[in-house]
Amino acid sequence: MTDHNGSDDELLLRGEGWTEVYRIGDSVHRPVRPHTATIHAFLAHLHERGFTGAPVPRGYDARGREVLSYVEGDVPVDPLPAWAVGEEQLAELAHLIRWAHDAAQGWRPPADAVFGAIPGPPQSGVKPLFREPELVAHQDYCPGNVVFRDALPQALIDFDLARPTTRVADVVNALYWWAPLCHPQDRGPALADVDVPRRVRLFADAYGMSTVQRQQIVDAALRRQRNSSITMRGAAEADPVFRRWWEGGVKDKLPRAESWLTATAVSLREALE
Ligand SMILES: Nc1ncnc2c1ncn2[C@@H]1O[C@H](COP(=O)(O)OP(=O)(O)O)[C@@H](O)[C@H]1O
Ligand SMILES: [Mg+2]
C-alpha cells in the first residue's frame, strides 16, 4: 500500500508500520540506524558475490537517510494470501534463501560492525540457537520482507535484523512465517489447513539441507519460539509500537505457536527423516 506524504516525489511505503520508508523514483529512503553501515557492507558483499535478490545499497541522502534500490514486485502482507503460499512459492523461497546463504558464506563483518536487534534490554531466559555462527543472514522473513515477481519470491528486503547466525537458525525463522510454524487459528485462511510437516520437508529438500541440518530444525524451532515470546514481551515493555503488536494479539499468538509446535514436533521430525 502506498500513500502520498504531501510532497510530489516521495511515496510513503507501508510494511509492518515500524519504519518510515519513502520511495523516490527507483530508490527507497529509510532512517539511518546504528547498524546501517554494517548492513550496507553486507548487501554490497551479496551483490559482489552475484546475489541479486536484495536491494543495492546507494549510500545516504541529503537528509541523512539511507538509500537503497527499489525492488520492483509485489510484497504480501500478513495474513499471507493464497497466491503467495503454494508449494512452488515455498520451494522458490527456499532456493532464494539458499542462494543468499551461499553468497553470504565467508563474509567477515568489519571489526566495528554493529548488528540490529528487536528493542529492549537482553532478556534472561533467552537461549542461543547455536554455538558458533556460520554466516550473516537475514533472520526476518515476515511476509512484508519478501518481494514476489511473476507470483514467485524473487528478493528479500529489510535486512535490519540480519546478523551472524547459522543456516538452520535462519531457516527456522522463514519456516515460522511460511510453513508456517504457528497454530492454525493464527494463520489466515490460505494456510489454515495446509500440511505443515509436508511443507517443512519440501522446504528442506528445496534448500538442499543435509541430514544433520534436518535433525536440528525442530529443536531450533522450539527454542526460537520460546525465545521469541520472551524477546517480544521485553520489546513490548521497551517500545510503544511493539506494545501495540503485543497487546493486539502477539501475546497470545506466540505461546499458542509454542504449544502447537510441541504437539507437532513428532510429525515434523518424521517428515524430515
Ligand atoms: N527496497 C525496497 N524495494 C521495494 N519495496 C520496499 C523496499 N523497502 C521497503 N519496501 C516496501 O516498504 C515496506 C516497509 O519497508 P521495510 O523496510 O520492510 O520496513 P519495516 O521495518 O517497517 O518492516 C515493505 O514491506 C515493502 O512493501
Ligand atoms: Mg519489513
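Helix H5 gives the most to the lining of the second largest pocket, with four residues. The model is predicted: local features need pLDDT of at least 70, side-chain atom pairs count only at pLDDT 80 or more, and totals for chains, interfaces and linings use all residues. Residues are numbered from 1 along each chain as its sequence is written, and side-chain values use heavy atoms, without hydrogens and water.

H5 spans 211–238, and helix H3 (167–178) also supplies at least two lining residues. Helices (H or I, at least four residues) and strands (E, at least two) are DSSP runs, numbered from the N terminus. The pocket lining includes Gln 216, Asp 219 and Arg 223. It divides into five nonpolar, two polar and five charged residues.

The structure also holds two cavities of 30 Å³ or more. On a 1 Å grid over the protein atoms alone, a cavity is a set of points where a 1.4 Å probe fits but cannot get out; a pocket is an open set with protein on both sides within 12 Å along at least five of seven lines; lining residues have an atom within 4 Å of a point.

| Space | Volume |
|---|---|
| Second largest pocket | about 200 Å³ |
| Largest cavity | about 80 Å³ |
| Second largest cavity | about 50 Å³ |

Trp 177 and Lys 253 are among the residues lining the largest cavity. In the second largest cavity, H2 gives the most, with three residues.

Asn 145 (OD1) and Asp 158 (OD) coordinate the magnesium ion (ligand 2) at 2.1 Å. Donors are N, O and S atoms within 2.8 Å of the metal (3.2 Å for Na, K and Ca); water is not among the atoms, so sites may look incomplete.

How values were computed:
Chains lettered and ligands numbered in written order. Points joined across faces, edges and corners; volume = space filled by probe spheres on them. Nonpolar A, V, L, I, M, F, W, Y, C, P; charged D, E, K, R; others polar.
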